[in-house]
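Thank you all for making time this morning. I would like to walk through one structure with you, slowly enough that everyone can follow along on the screen.

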Amino acid sequence: MRHHHAAYLGLLVIGMTLLASPRPASAQFISPGKLTSAHASEEGARNCTSCHELRKRGTQNGLCLACHAPLAELIDEGRGLHATLEGSCARCHKEHGGRDLDMVRFDSLGFDHADAGYEFEGAHADAGCRDCHAPNLIADADTRLFKARNGVLRSTFLGLGTRCVACHRRDDPHGGQFKQAECTDCHGQVEWSPAPGFDHDRTRYPLRGLHRQVGCAECHPSDRSKSPEVVRYRPLRFARCTNCHEDEHRGRMGATCTSCHGTAGWGIDAGAFEDAFDHTSVDYVLNGAHASVGCAGCHDPAASRREGIDLSFRQADLGKAYPAPAADDCTACHVDYHEGAFAASPTGGACAGCHSESAWHPSSYDLFRHNDEADFELEGAHLAAPCESCHANADPTGGLRLEISDQSCAGCHAEDDPHRDQFAPGICEDCHGTESFRIPGFDHDLTAYPLDGAHRGVACSSCHVAEEQADGRRFVRYKPIDTSCRSCHGGTE
């Protein structure tokens, strides 16, 4: 009996001691250890549920990601290493080991970087982790802000971009000449030079004939105006042979050397010139229907007398046997039936945006492009309307009338107006849609005469009767209508 009494007194003393202890001592008694410096603000028993759920062991991933928002976004998008991992965050990140504990349990030597979505190749395989994962190379603004705010900007592995310029912007030897291109379009990861992916035929100036034997430096000199010097690749002038070659004729034969010469060799056999001439040796390759046109069709000023053709020639070329047309674009030779209506379109008005060299028709401009590029989106019954029903041209010899200044309903349907000008222009859509002219649900309460009582069951035609105009066309009268009782129901004088 005494033994049990003593034990009870001992528990009572311990309980009173705990109750009397200050709050930090109580928190320390419950916690398995102090938090790291990154989580120090969460220290204390009142903050346990920031990382732990009651009656559940360990941490909960959802609570971790609620704070680590940049990482949660990567996981949601399926990007980076964490998007491939399963299980608890605590598998790799430990806590309650004191302020100086390194929370990241990461084996950098055994880590396969392909698991992070970026596989190392070539010279990248020899780079150290912090050669790339450095604060100044973090491209993601949210990650940079989050890590800096928590004092771990130098230790994070998140936030890098995957484009070459994300890390090598300062190493660009081209001085920004290829801002819109990717380094990997030409270069590999083993070494910078040579550029195995570069193909001069993919540029605006494909190399033909003897040009293939010319060294790069003969056309691409160093630009000494840059510091440090860079090799000039663009812009370069190449529209004329004389941009690079001296004119031995001193201008007497005109400025276009390709009228007589090609890149295969300087000499010319005048007798067999037309039959043997390779048009790919000049800046204009003949494709599709152009390949079947005779030389005179493009190189004879008299060809402009043909319907739809309007050739332009440089004055200096007109005296040559084969004057070259000023074929900067399709309209240099062909009449533009659209009269520049497409100049502001995404294609810049280029004929090739809708037409091909194989045949003028059919056009590649369809309903989908109309909705993407035009300022009038086709919906409902408009999708089934032929182009000519809206874009008809008064001139039967011309093309379609593309610009429609009045795009209101009345602009196209004035002749079809069944209301005969009873309603102000531009309000058709207040009642009608584009699916059908029938009104899906007209609300009479929005008019000047709301329907109530027995009026709600009256058919529309009982009040809105058909009338005939002076020209014989009939229409239903909607306004003006006398709304007095006597006008419909009669009455005594």
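I will go through charged pairs, a charged patch, the cysteines and then some features of the backbone.

Please keep in mind throughout that what you see is a predicted model, and that the values I quote were computed from it.

Let me begin with the salt bridges, of which the structure holds 11. One of them joins the side chains of glutamate 53 and lysine 56, with N and O 3.1 Å apart. Glutamate 53 is partly exposed, at 35% relative accessibility, and lysine 56 is also classed as partly exposed, at 47%.

Another salt bridge pairs arginine 163 with glutamate 182, and here the closest N and O atoms are 2.8 Å apart. This pair links distant parts of the chain, since the two residues are 19 residues apart, with arginine 163 in the loop between α6 and α7 and glutamate 182 in the loop between α7 and α8. Arginine 163 is partly exposed, with a relative accessible area of 38%, and glutamate 182 is partly exposed too, at 31%.

A further salt bridge connects arginine 369 with glutamate 373, where the closest N and O atoms are 3.0 Å apart. How many residues separate arginine 369 and glutamate 373 in helix α11? They are 4 residues apart, and therefore about one helical turn lies between them. Arginine 369 has a relative accessibility of 16% and so counts as buried, whereas glutamate 373, at 28%, counts as partly exposed. There is also a network of salt bridges, which links Asp201, Arg208 and Arg212.

Staying with charge, I would point you to a negative surface patch, formed by Asp366, Asp372, Glu377, Glu379 and Glu435. Aspartate 366, one of its members, sits in the loop between α10 and α11, and this aspartate is partly exposed, with a relative accessible area of 35%.

Now to the cysteines. A disulfide is a covalent bond between the sulfur atoms of two cysteines. With a cut-off of 2.5 Å between the sulfur atoms, the count of disulfides comes to 0. Cysteine 298, for instance, is in no disulfide, as the nearest cysteine sulfur, that of cysteine 333, is 5.8 Å away.

Finally, we come to the backbone. Most residues other than glycine have a negative phi, and most peptide bonds are trans. Against that background, look at the peptide bond between arginine 234 and proline 235, which is cis, with omega about -5 degrees; proline 235 lies in the loop between β2 and α9. A cis peptide bond also joins lysine 479 and proline 480, again with omega about -5 degrees, and proline 480 is found in the loop between β4 and α15.

As for phi, arginine 55 has a positive value of about 65 degrees although it is not a glycine. Arginine 55 is located in the loop between α2 and α3, and it is exposed, with a relative accessible area of 85%. Histidine 96 likewise has a positive phi, near 60 degrees; this histidine is in the loop between α4 and α5 and, at 25% relative accessibility, counts as partly exposed.

Notes. Residues numbered from 1 in each chain as written. Predicted model: local features only at pLDDT ≥ 70, side-chain atom pairs only at ≥ 80, totals over all residues. Heavy atoms only, no water. Patch = residues over 30% accessible without salt bridge, like charges linked within 9 Å, V, L, I, M, F, W, Y side chains within 5 Å. Areas by Shrake-Rupley, 256 points an atom, 1.4 Å probe, with all protein chains shown as cover. Salt bridge = Lys/Arg side-chain N within 4 Å of Asp/Glu carboxyl O. Lys, Arg positive; Asp, Glu negative; His and termini not counted. Charge placed at Lys NZ, Arg CZ, Asp CG, Glu CD. Buried < 20%, exposed > 50% of the residue type's maximum accessible area, 1.4 Å probe, protein only.
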